[in-house]
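Here is a short tour of a protein model with a ligand in place. Have the sequence and the 3D view open as you read.

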Amino acid sequence: MSRLIVVSNRLPVTVSVAQGKAVVTPSMGGLATGLKGPFERSQGLWIGWPGDLSGLAEDEQAGALRELEKLRTVPVLLTAEEVRSYYEDFSNGVLWPLFHYLLDRVPLDSTGWDAYMRVNARFADAVAAKYEPGDTIWVQDYQLLLLPQLLRERLPQARIGFFLHIPFPASEVFRMLPWRAEVLRGLLGADLVGFHTPSYARNFASAVMRILGHEPTFDEVTVEGRRVRFRAFPMGIDAAAFTGPGEPLEDNFTSRPGEILLLGVDRLDYTKGIRRRLKAVERVLERRPDLRGKLRMVQVAVPSRENVGAYGDFRARVEQTVGAINGRFSTLGNVVIHYLYRGLPQAQLLSLYRAAAVMLVTPLRDGMNLVAKEFTAARTDGDGVLVLSEFAGAAEEMPEALLVNPFDIDGMADAIEQALAMPEAERRARMTQLNARVTHFDVHHWADGFLNALGEDAARSEPPPLLPAQVVLDTAREARRLVVLLDYDGTLVRFAPRPELAAPDPELIELLGDLARRCSLHIVSGRPREDLERWFGELPISLHAEHGLFTRVQGDWQARGSLPEDLRTKVRATLERVVQCTPGSRVEEKAVGFAWHYRQAEPEHGASQARELRLHLRELLIGTPLEVLPGDKVVEVRLRGVHKGVVLRGLIGHGDLALAIGDDRTDEDLFMALPKDAITVRVGRSPSAARYHLPDVMAVRAMLHTLADARSE
Ligand code: ADQ
């Protein structure tokens with residue numbers, strides 16, 4: 001089993017001092033519980049910030065570090081200044097509100113980006129120092145969005161997963177972030193990016209497409225030849241831990257006979273919708289005098305992020321709201337809102353969950369919300385009603401809850417009244433289904449699901465090995481006759497925004513001329529004859545245009561087929577219609593085929609038009625000699641059975657050696673048609689039928705220089 005390295009902003013430990021000695025206690029949050037199994041079985045490591053150790057004397061600090069090591073945790077020590085700028089100002093001050101759609105909480109002058117980059121790089125160094133080949137790295141959450149790419153640069157072969165615990169917002173909101181491209185590139189360093197819900201995964205795909213122009217298919221996207229998958233893995237809780245006995249509450253608090261208890265349990269965070277929830281309770285009391293004196297609510301709010309500006313303010317406003325409602329509706333014998341500004345031990349939370357008739361979980365936005373699941377798991381009695389915000393990730397999995405819009409106070413008040421009036425049979429029916437799902441899809445299911453998918457992914461997307469220089473030298477020296485077949489775009493030159501801009505530079509022309517003197521050289525491209533003729537017509541090389549449809553070996557072009565005129569008209573009309581409703585796209589008409597290019601179109605619209613077009617053309621072309629082929633920001637229509645592999649007929653004689661290089665799936669046809677001993681090379685890190693890979697255009701050119709030099713020795 002692969003060793004698991006977990007990386008999170010905070011280590012799952014608490015460091016304290018007892019009698020002058022540092023004591024490190026594991027703190028079992030949801031994440032640590034979920035990962036315990038894989039972590040222990042693989043003898044894993046956990047890398048993160050242990051909290052502020054600056055208050056400890058030198059020997060206490062040394063003791064703490066020793067204790068941390070025993071728990072197989074690796075501390076990344078942060079200065080007070082780093083914590084302030086990277087964690088408080090940027091992670092919690094900027095990313096948190098923006099990802100939760102609360103744009104008015106994003107400070108006018110957002111600071112901390114430089115520190116955010118710097119601290120992410122510190123984490124990357126810490127992980128790289130511990131990494132051993134074969135390890136699996138799993139990065140957690142929004143404080144470390146840049147880490148996957150920083151790790152990819154340091155450890156190109158590593159298996160890297162990332163999980164985002166907060167929402168990924170709609171791309172319309174995400175793109176307000178000044179550092180949106182950097183953040184996306186950071187995430188795309190991973191092999192697998194996990195989210196709580198399919199909507200977040202879709203938002204991510206849309207942002208990647210619109211901001212970076214990479215076009216995802218279903219749940220994956222190829223970035224510089226490397227596949228990155230993204231999927232929903234809804235996080236669960238340690239459901240079993242919520243089925244045991246609870247602990248008595250302070251002052252033996254219980255609900256009194258005839259009384260109805262409402263409950264709210266949150267971190268004191270402005271995303272949790274606490275004030276609007278309190279307002280909704282107030283609205284119920286306004287409407288229903290009969291409930292006054294019977295309805296009580298317990299709101300537990302655990303202190304959180306007190307050093308971040310927006311939070312101090314928020315606390316005061318919550319407390320003001322509590323005070324106002326109590327002032328209005330409490331009596332000497334009955335306080336309406338019991339407000340506890342502290343965390344409660346889990347066993348006491350359990351008792352509260354069980355005492356409540358109605359649980360109110362009404363965040364304005366929440367990645368998942370585990371409180372909703374904890375309440376459900378705790379209700380082993382099968383009773384109780386959950387009122388849940390439709391803006392919590394949990395709502396996508398918990399349709400039996402009463403779903404509410406937390407911005408609609410009257411609607412929430414209606415839901416509370418509906419909960420209070422719900423017949424017992426209906427309560428039980430809903431709770432039984434919720435409970436079964438929460439129990440089955442628990443946190444272990446989540447962790448195993450993610451890690452399995454990450455493992456599978458690595459196995460599927462392994463590229464062929466890097467082409468060793470020695471193989472190039474041996475080939476150059478040993479081949480009697482060497483046949484070299486080169487793709488053009490993406491292999492010899494980088495992609496340009498428009499095809500006509502990707503003309504060869506003088507250095508490339510010189511390199512090809514040099515090579516042509518030392519071997520039999522072929523350009524095998526999807527381009528029309530005219531382009532190849534214009535660029536390479538003067539060189540003593542063979543040209544193959546439109547994926548092998550035309551070949552010019554000496555002098556004249558030969559065609560391998562033709563396109564009936566009526567079919568040409570039909571396809572042209574279809575493509576022109578698509579151009580009309582896809583601004584920025586254009587049709588390229590070839591001698592025997594078409595290409596519809598949409599690199600300049602709005603990326604998301606372009607991609608969806610391309611999907612529709614492919615389906616439509618596939619039907620249109622049934623029974624014709626044409627077929628449809630997807631490409632990089634292009635949909636091609638070409639003659640069936642004509643592909644790059646056909647250029648090989650009669651080309652390679654006995655004793656000849658072939659070398660072929662290409663960067664996309666049309667080149668795979670060529671690789672597969674070549675004899676086994678051919679040197680086949682795919683550009684980029686995609687899985688391939690080729691024997692080797694080279695990372696990019698620069699590497700291809702360098703290799704061709706080596707080849708030419710070695711041939712001339
Ligand atoms: P949080 O925003 O912290 O988590 P949540 O999912 O509700 O939100 O988890 C809170 C945890 O803290 C729960 O285990 C709960 O029991 C505990 N807790 C909350 N209030 C408490 C209190 N007053 N006393 C004691 N314990 C309390 C982030 C995201 C979520 C996402 C999780 C996990 O914001 O959307 O579900 O990560 O990915």
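## Contacts along the chain

Among the contacts in the protein (heavy atoms within 4.5 Å) between residues at least 6 apart in sequence, 71% link residues at least 24 apart. This is a predicted model, where local features need pLDDT of at least 70, side-chain atom pairs count only at pLDDT 80 or more, and totals for chains, interfaces and linings use all residues. Residues are numbered from 1 along each chain as its sequence is written, and side-chain values use heavy atoms, with hydrogens and water left out.

## Overall build

You will find 22 helices and 28 strands in the protein; these are DSSP runs numbered from the N terminus, helices being H or I of at least four residues and strands E of at least two. Along the principal axes, the C-alpha atoms fill a box of roughly 105 × 70 × 45 Å.

Of the 713 residues, 57% are buried, meaning under 20% relative accessible area with a 1.4 Å probe and protein chains only.

## Around the ligand

There are 21 residues around the ligand, and His165, Asp366, Met368, Leu370 and Glu374 come nearest; to count, a residue needs a heavy atom within 4 Å.

Which atoms sit at polar distances (N or O pairs within 3.5 Å)? A ligand oxygen is 2.8 Å from a backbone N or O atom of leucine 370, and a ligand oxygen is 3.0 Å from a side-chain N or O atom of histidine 196. A ligand nitrogen lies 3.5 Å from a backbone N or O atom of valine 302. The elements giving two or more residues to the shell are β11 (260-267), β12 (295-302) and α12 (370-378).

Conventions. Polar contact = N/O pair within 3.5 Å; in protein donor to acceptor, adjacent residues only side chain to side chain. Buried < 20%, exposed > 50% of the residue type's maximum accessible area, 1.4 Å probe, protein only.
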